[in-house]
Amino acid sequence: MPARPAAAGASRPLDWQTDALCAQTDPELFHPEQGGTTAYAKRICLACEVRIECLEYALAYGENQGVWGGMGPNQRLAIRRARDKRRTA
C-alpha cells in the first residue's frame, strides 16, 4: 500500500499499516487482474485487527481500486455516497 499524507485530525495515520495482515501477504491478492477474485483478500481482511483504520483511510483518500478494509471499490463507493447523502440531508 502506498503511503499518503495524514488525514485531517490524524496524528499518526499510517501506523496501522505495520500491523496490517496485507503487509505480510502477496499484494496481488488485494489488486487482482480484471475478472479475478477478491475473496481471498477479503477473508484476510476479516481477520485483520486494523481493518477499520484501513477502510477509513481508503474512504478518506478516495481509493478506487483494490481491496481496502475488506471492501472492494463498489462497496466503498456505496459507503461514500451514503455518507455524502447523510451530510447533505
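This note goes through the fold, the surface and the salt bridges of a predicted model.

1. Basis. The model is predicted, so local features need pLDDT of at least 70 and side-chain atom pairs count only at pLDDT 80 or more, while totals for chains, interfaces and linings use all residues. Residues are numbered from 1 along each chain as its sequence is written, and side-chain values use heavy atoms, with hydrogens and water left out.

2. Fold. The protein chain has three helices and zero strands, in the order α-α-α from the N terminus. Helices (H or I, at least four residues) and strands (E, at least two) are DSSP runs, numbered from the N terminus.

3. Burial. Of the 89 residues in the protein chain, 27% are buried. Buried means under 20% relative accessible area, exposed over 50%, and partly exposed in between (1.4 Å probe, protein chains only).

4. Salt bridges. There are two, a salt bridge being a side-chain nitrogen of Lys or Arg within 4 Å of a carboxyl oxygen of Asp or Glu.

5. Arginine 83 pairs with glutamate 56, with 2.7 Å between the closest N and O atoms. Arginine 83 is partly exposed at 27% relative accessible area, and glutamate 56 is partly exposed at 33%.

6. Within a helix. Aspartate 84 forms a salt bridge with arginine 87, the closest N and O atoms being 2.8 Å apart. Both residues lie in helix α3, three residues apart, about one turn of the helix. Aspartate 84 is partly exposed at 41%, whereas arginine 87 is exposed at 63%.
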